[in-house]
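Thank you for making time for this one. I would like to walk through a single model slowly, going from the overall layout to particular side chains, so please keep it in view while I talk.

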Amino acid sequence: MIMKKYFLTMTIMVIFAIGFAASDESNSSSSTNGDIFNPFTQTKQEQEVLKHETEEEKVDEKQEKIKKIANIAYNKGWNRRMKSREFPDPRGEAHMEYTMRYGVEPTEPGEEERWNIFVDNYVKGYNDAWEKIRKDMHSDDL
């Protein structure tokens, strides 16, 4: 009885070994023909597509950051003008807000683009708020 179990186990192992060996031979012969799909290899065209998609994602990400900076600056300028009865220079106020928000002077290297976006939108928000205040004052006169 023990001998039968041993013999049966060995027979099954030999059959699996033969099956795996035959399987490896067919895979190696087809891989030399280039028929097998390897998901880890990419053609140059696929690499270019991925590179292009990555560049587009970077552009989209940069555009999102620009929109965010522009919205923040516009709202800061708008709120500053709506809360103040003084007429400070909006560029000076933008400089102070920028420095407080980003912790660097806008004159530092690499800050030019972000500063220009920030100051332009801050001044635009400031001026738009002033126009609204002015229109509201004149509408009360009518």
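What you see is a predicted model, in which local features need pLDDT of at least 70 and side-chain atom pairs count only at pLDDT 80 or more, while totals for chains, interfaces and linings use all residues. Residues are numbered from 1 along each chain as its sequence is written, and side-chain values use heavy atoms, with hydrogens and water left out.

On the fold, the chain has four helices and zero strands, where helices (H or I, at least four residues) and strands (E, at least two) are DSSP runs numbered from the N terminus. Of its 142 residues, 19% count as buried; buried means under 20% relative accessible area, exposed means over 50%, and partly exposed is in between, with a 1.4 Å probe and protein chains only. Among contacts between residues at least 6 apart in sequence, 64% join residues at least 24 apart, a contact being heavy atoms within 4.5 Å.

Which residues make up the largest nonpolar core? There are eleven of them, namely Ile69, Ala70, Ala73, Ala94, Tyr98, Trp115, Ile117, Phe118, Val119, Tyr122 and Val123, and by a nonpolar core I mean a set of buried Ala, Val, Leu, Ile, Met, Phe, Trp, Tyr and Cys residues joined through side-chain atoms within 4.5 Å. Helix 2, helix 3 and helix 4 each supply at least two residues of this core, and the largest share, six residues, comes from helix 4. As background, nonpolar side chains in soluble globular proteins tend to be buried together.

Not counting residues up to four places away in sequence, alanine 73 touches Phe118, Asn121 and Tyr122.

Next, the aromatic rings. The structure holds six aromatic pairs, and rings of Phe, Tyr and Trp (its six-membered ring) pair if their centres lie within 6.5 Å, with planes under 30 degrees apart counted as stacked, over 60 as edge-to-face and the rest as tilted. Tyrosine 98 and tryptophan 115 have ring centres 5.4 Å apart and planes at 80°, so this pair is edge-to-face. The pair links distant parts of the chain, with tyrosine 98 in helix 3 and tryptophan 115 in helix 4, 17 residues apart. Phenylalanine 118 and tyrosine 122 have ring centres 6.2 Å apart and planes at 20°, so they are stacked, and both lie in helix 4, about one turn from each other. Tyr98, Tyr102, Trp115, Phe118 and Tyr122 form one aromatic cluster.

Turning to charge, a search of the whole structure finds eight salt bridges, each being a side-chain nitrogen of Lys or Arg within 4 Å of a carboxyl oxygen of Asp or Glu. In one of them, glutamate 97 meets lysine 76 at 3.7 Å, N to O. Glutamate 97 lies in helix 3 (residues 90-102) and lysine 76 in helix 2, so the pair ties together parts that are 21 residues apart in sequence.

Lysine 124 and aspartate 128 have their closest N and O atoms 3.3 Å apart, and the two residues are four places apart in helix 4 (residues 112-141). Lysine 132 and aspartate 136 meet at 3.1 Å, N to O, and are likewise separated by about one helical turn.

Finally, the surface. Leu8, Ile12, Phe16 and Phe20 make a nonpolar surface patch of about 450 Å²; patches are made of residues with over 30% relative accessible area and no salt bridge, like charges being joined within 9 Å and nonpolar side chains (Val, Leu, Ile, Met, Phe, Trp, Tyr) within 5 Å, and the areas come from the Shrake-Rupley method with a 1.4 Å probe, where for residues only the protein chains shown count as cover. Leucine 8 is found in helix 1, residues 2-33, and is exposed at 52% relative accessible area.
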